[in-house]
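Subject: A structure for you to explore

Hi there,

Here is the structure I promised to pass on to you. Have a look at it first, and then read my notes below.

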Amino acid sequence: MPKLNTLTLKKTLDLLDQKAITLDELYQDVLESIKTQNPQLNMYLEIDETALVKAKEQAATSPLKGVPIAVKDNFCTVGFNMTASSNVLRNFAPQFESTTTERLKAAGGVVIGKTNLDAWAHGSSTETSDFGPTLNPRNPEHLPGGSSGGSAAAVAADACIAAIGSETAGSIRQPAAWCGVVGLKPTYGRVSRYGVAAMASSTDSPGPIGKTVEDCCILLNAIAGPDTKDGTCNPESAPDFTQFLNQDLTGLKIGVIYHDLPNMEETNARLLKELEVFKKLGATVELADAMDPKYAIGVYTVVQRAEVSSNLARYDGVRYGNDRSTFGAEAKRRIMLGTYTLSKGYADKYYELAQKVRTLFLEDYARLFKKYDVLISPVSPGFAKKRGATEGQSMFGELEDMLVEASSVCGLPGASVPYYHDPATNLYLGMNIMAPMWREDLVIKIADAFEKNTQWNQWRNAA
Amino acid sequence: MAKTTVTPAQVQHIGRLATIPLRETELQNFSHAFEETLVVVDELREPDVSHVEPTSQVTGFTNVWREDIAKPDQTFSQAAALKNAAKSHAGYFMVPGVLTAKDT
């Protein structure tokens, strides 16, 4: 039997069911893995070493049966601090539970620890955390991506069984790609944002990061669904996402976008080669032209910063948190730029204009989805960047996330699955699989088929 | 297209609007960072938006209501509300002074 922390969520649940393993053994291996690796990789900001006690209380609760889940530290979790990786919330103890973690618990899951992120989720590297960077477990000279870098790294390092992250413009898919794991960004409105430190209210999407597509589906089942506490949450029940696994792809039409962008020829060449497998599975694969993603950078930059300036106004250092001088440089920049784009004389020039260009992207996707069932592109222009890459780069994240920003601001669901592994560096490339709003079924179908018909997922064949 | 400038004086003004305390040394840095960011943002002027309306919400949901009743599970006790306060006194949050002696 391999170390139990290396098991997938599905396998863990099966073995617990069969009583082939105990929660004691599982927690021993997971905690050991965390303790050995966390000092170097800084994936976790806080760990619950007594989680086994809670796990045993949950042992009979389906479907998660007490399994340890890592949660990004921008979710309110009673009993843990919630820092959003910012000095403003250092030592902040939430007095209420986020819907996501409440549902995780109701499904039998146990929060083993809170993971590191770029402060306030403002970033795509986890290098701009106020509590030190997280390193990429595949190659610690490199970054794990962000902002859910701690969660993605914890999965990649087998320092958890599965994890929860959140995405506003790439923050689930990009770190999943950089860490060589699976990230599933649900449709905006599929998972409640109640109790998540608000960033861009019109695009924030909590979601799972896991070892396999199936693991992500199991986790998404636990957290998705209507919530009257979040006015932007879909009042319709979510489907059982696991039913979309193991599907026949015959007749599905795949459109490949961003295939001719500069400075990513190798990334795209590798992707096109891997997409051949879909043809063998009965789908068609065609190159397609989408609206220039560079405009999505502008849309995201303005919309996100405007909404951030409003959302972060609540941190007054009086009712909770430290005063506003403790914001890091990036947070200050974003709040101020957002304020500027909403201020008198500038709001139509910037904010309204950005919202209009968002409409153009929505129209562009509508046009593409008339022709194709799903769209695929690389998640990132290249591999995970080296440590120090973000220094002095005030637009680092936005430029890195260019390929995923458009689908995020339009609320589309998307998944990142590994499609290439470089043996020299041990780093991965991930593909972004996008579908229309509320069509996670298509995303899962395609992502699952790719994972099961190729060798890029390290856990795919694990015992 | 001319590059948009943001002067240190403008940065100071924005800092006041956003209630972000700023040191003199930060004004120049932020001025430069904003100008860099606005180069990217100014590209939004290129596409033709004459035929579209702004989209602020992609779900299309409107008028999402709830019952106008107090919910115990979404209500703090006074103790919980004060738990993370920097300073409190007799069950109140203490706020930085606004009125000073000479204003009276």
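**What I found**

A:Lys294 counts as partly exposed, at 24% relative accessibility. Please keep in mind as you read on that this is a predicted model. The side chain of A:Lys294 meets that of B:Glu46 in a salt bridge, with 3.3 Å from N to O. Where do the two partners sit? A:Lys294 belongs to helix 10 (residues 294–311) of chain A, while B:Glu46 is in the loop between helix 2 (24–41) and helix 3 (78–82) of chain B, so this pair joins two chains. B:Glu46 is partly exposed as well, with a relative accessibility of 41%.

**Where the chains meet**

Chain A brings 60 residues to the contact and chain B brings 54. Together the two chains bury about 4600 Å², and 69% of this is on carbon and sulfur atoms. Which three residues supply more of the area that chain B buries against chain A than any other three? They are B:Leu44, B:Val58 and B:Asn84, with 15% of that area.

Another pair to look up is A:Lys332 and B:Glu26, which form a salt bridge with their closest N and O atoms 3.1 Å apart. Are these two residues buried or exposed? Both A:Lys332 and B:Glu26 are buried.

**A network in chain A**

Now turn to helix 11 (residues 329–342) of chain A, where A:Arg333 and A:Glu330 lie three residues apart, about one turn of the helix. The pair from A:Lys332 to B:Glu26 crosses between chains, from helix 11 of chain A to helix 2 of chain B. The side chains of A:Arg333 and A:Glu330 form a salt bridge of their own, at 2.7 Å from N to O. A:Glu330 counts as buried at 14% relative accessibility, because the cut-off for buried is under 20%. A:Arg333 has a relative accessible area of 22% and is partly exposed. Salt bridges also link A:Arg305, A:Glu330, A:Arg333 and A:Arg334 in a network.

Rolling a probe the size of a water molecule over the atoms shows where empty space is left. The largest pocket holds about 560 Å³ of space. Its lining has 25 residues, and those nearest the centre are A:Cys76, A:Phe96, A:Arg314, A:Tyr315 and A:Tyr320. By class, this lining is made up of 16 nonpolar, five polar and four charged residues.

The second largest pocket has about 320 Å³ of space. Of the 15 residues that line the second largest pocket, A:Lys54, A:Val78, A:Phe80, A:Lys105 and A:Val111 lie nearest its centre. Which classes make up this lining? It has five nonpolar, five polar and five charged residues. Helix 3, helix 4 (99–106) and strand 3 (110–115) of chain A each supply at least two residues of the lining of the second largest pocket.

**Loops worth a visit**

A:Thr61 is partly exposed, with a relative accessible area of 22%. In sequence A:Thr61 and A:Gly108 are 47 residues apart, but in space they are 4.7 Å apart, C-alpha to C-alpha. A:Pro63 is found in that loop between helix 3 and strand 2 too, and the peptide bond from A:Ser62 to A:Pro63 is cis, with omega near -5 degrees.

Another cis peptide bond joins A:Gly146 and A:Ser147, with omega about 10 degrees. A:Ser147 is in the loop between strand 3 and helix 5 (149–156) of chain A. A:Ala121 is found in the loop between strand 3 and helix 5 as well. A:Ala121 is not a glycine, although it has a positive phi of about 65 degrees. A:Asn263 also has a positive phi of about 65 degrees without being a glycine. How do their surroundings compare? A:Ala121 is buried, with a relative accessible area of 6%, whereas A:Asn263 is exposed, with 71%.

Enjoy exploring, and write back with any questions!

Key: Residues numbered from 1 in each chain as written. Chains lettered and ligands numbered in written order. Predicted model: local features only at pLDDT ≥ 70, side-chain atom pairs only at ≥ 80, totals over all residues. Heavy atoms only, no water. Buried < 20%, exposed > 50% of the residue type's maximum accessible area, 1.4 Å probe, protein only. 1 Å grid on protein atoms, 1.4 Å probe; cavity = no way out; pocket = protein on both sides within 12 Å on 5 of 7 lines; lining within 4 Å. Points joined across faces, edges and corners; volume = space filled by probe spheres on them. Nonpolar A, V, L, I, M, F, W, Y, C, P; charged D, E, K, R; others polar. Helix = DSSP H or I, 4+ residues; strand = E, 2+ residues; numbered from the N terminus. Contact = heavy atoms within 4.5 Å. Buried area = accessible area lost by both parts, 1.4 Å probe. Salt bridge = Lys/Arg side-chain N within 4 Å of Asp/Glu carboxyl O.
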